[in-house]
Amino acid sequence: MTYLAKPTLHHPSLQKNKVGYTRRDYEGKVSTLCAGCGHDSVSSAIVQACWQLDIAPHRVAKLSGIGCSSKTPDYFLGASHGFNTVHGRMPSVLTGANLANRELLYLGISGDGDSASIGLGQFAHAMRRGVRMVYIVENNGVYGLTKGQFSATADRGSVAKKGATNNDASIDLVALALQLGATYVARSFSGDKAQLVPLIEGAIRHGGAAFIDVISPCVAFNNHAGSTRSYDHVREHNEALNRIDFIALAAQQEAAGDEQEILVPQPDGSQMRLQRVLTDYDPTDRLGAMNHLQALQASGVIPTGLLYVDPSAHDMHTGLKTVATPLNRLAERELCPGAAVLDKINAGLR
């Protein structure tokens with residue numbers, strides 16, 4: 001109920017993180033989504049991840065497009081910067097904001113309709129450019145706001161609530177992200193918070209384009225028998241490839257303890273520790289990950305976990321060789337250094 005405001009008073013015994021905030025400080029408004037919607041679980045996971053990582057809310061910029069998923073930034077990080085764009089255009093607006101101020105942490109929240117249909121081109125360019133962001137797609141396979149039509153990610157052969165069968169091939173955003181050059185690619189399930197929270201933490205700490213596809217069932221239009229995005233179907237066919245954890249910053253990083261662990265360095269100096277579930281799966285091998293995922297999905301399995309990570313990832317600013325100071329802080333003297341400097345630049349391009 002939007003007219004019910006959350007109480008502003010906090011119990012004095014609530015635990016605070018290292019920057020002095022309680023978990024409640026990372027929440028937003030009361031959700032207006034359907035009771036049981038998977039999107040609310042994703043919002044809760046984002047709140048938990050940011051609180052655990054001791055991120056000050058004002059350091060976060062959250063952007064979205066149009067759809068049920070794109071409403072959710074209103075329900076978390078109420079003290080953060082926010083921008084709700086038009087349908088499918090979130091990535092380009094986020095790219096511009098990132099270019100202007102590289103010091104903020106950018107969260108892009110989208111849905112399967114917003115990213116896999118009208119925004120597919122925008123999604124592709126954000127991935128290939130290596131925009132440093134956490135791009136989360138809340139994927140339910142339907143258009144919830146317009147009463148349950150199949151979206152572009154709906155599996156061929158899946159059955160709608162009113163009995164229609166989807167005859168179109170699905171767009172796999174995870175496969176696209178891998179092909180387009182994303183350096184952190186994961187898939188999770190809104191019903192598995194123990195897996196989703198550390199995946200979001202890993203994406204936040206990553207130094208490049210991080211993409212997480214979250215299967216998030218729509219309880220109103222796509223949670224029935226015959227749907228491949230229902231809670232029951234995903235729980236039955238979900239197979240985690242690994243489990244993720246972190247080792248805190250240290251002067252000397254430890255080595256992997258056994259063959260079942262992989263330690264991946266992160267740009268902030270921490271290490272990501274992956275506990276293998278499938279012993280023959282290497283999440284640092286892009287081509288191997290693409291082949292393995294295709295084989296698993298062809299057998300009806302929904303692979304989840306950290307699917308691929310590039311330990312040496314760099315972002316768009318590295319490629320463009322921008323200055324360390326955010327562009328929105330540069331004065332006229334730095335932005336317009338004069339005709340002589342411009343002539344020198346032009347001469348170098350001839």
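I took helices (H or I, at least four residues) and strands (E, at least two) as DSSP runs, numbered from the N terminus. The model is a predicted one, in which local features need pLDDT of at least 70 and side-chain atom pairs count only at pLDDT 80 or more, while totals for chains, interfaces and linings use all residues. Residues are numbered from 1 along each chain as its sequence is written, and side-chain values use heavy atoms, with hydrogens and water left out.

**Entry: α9**

I then looked up burial, where buried means under 20% relative accessible area, exposed over 50%, and partly exposed in between (1.4 Å probe, protein chains only). Ala289, His292, Leu293 and Leu296 are buried in α9. Viewed down the axis, the buried residues fall within an arc of 100 degrees, so they line one face of the helix; the arc is that of the directions from the helix axis to the C-beta atoms. The face turned away from this buried side carries exposed Leu287 and Ala298.

I listed the packing partners, with contact meaning heavy atoms within 4.5 Å. The buried residues of α9 pack against α6 (173-180), β9 (238-240) and β13 (302-309).

**Entry: Thr304**

I next looked up Thr304, which is in strand β13 and counts as buried at 1% relative accessibility. Its side chain makes a polar contact of 2.8 Å with that of Asn238. I used the following criterion: a pair of N or O atoms within 3.5 Å, where within protein one must be able to donate a hydrogen and the other to accept it, and residues adjacent in sequence count only if both atoms are side-chain atoms. Leaving aside neighbours within four places in sequence, the contacts of Thr304 include Arg187, Gln195, Glu239 and Asn242.

**Entry: cores**

I defined a nonpolar core as a set of buried Ala, Val, Leu, Ile, Met, Phe, Trp, Tyr and Cys residues joined through side-chain atoms within 4.5 Å. The largest core has 36 residues, of which Ile46, Ile136, Tyr184, Ile200 and Leu306 touch the most other members. Helix α1 (residues 38-52) gives this core its largest share, seven residues. A second, separate core of 32 residues includes Met90, Tyr135, Ala209 and Tyr308.

**Entry: aromatic pairs**

I counted rings of Phe, Tyr and Trp (its six-membered ring) as paired if their centres lie within 6.5 Å, with planes under 30 degrees apart stacked, over 60 edge-to-face and the rest tilted. The whole structure holds five aromatic pairs. Tyr21 and Tyr26 are edge-to-face, 5.9 Å centre to centre with 70 degrees between the planes. Tyr21 is partly exposed at 25%, whereas Tyr26 is buried at 0%. The ring centres of Phe123 and Phe211 are 5.2 Å apart and their planes are at 70 degrees, so this pair is edge-to-face. Phe123 lies in helix α5 (residues 120-129) and Phe211 in strand β8 (residues 209-215), so the pair ties together parts 88 residues apart in sequence. Phe123, Tyr135 and Phe211 form one aromatic cluster.
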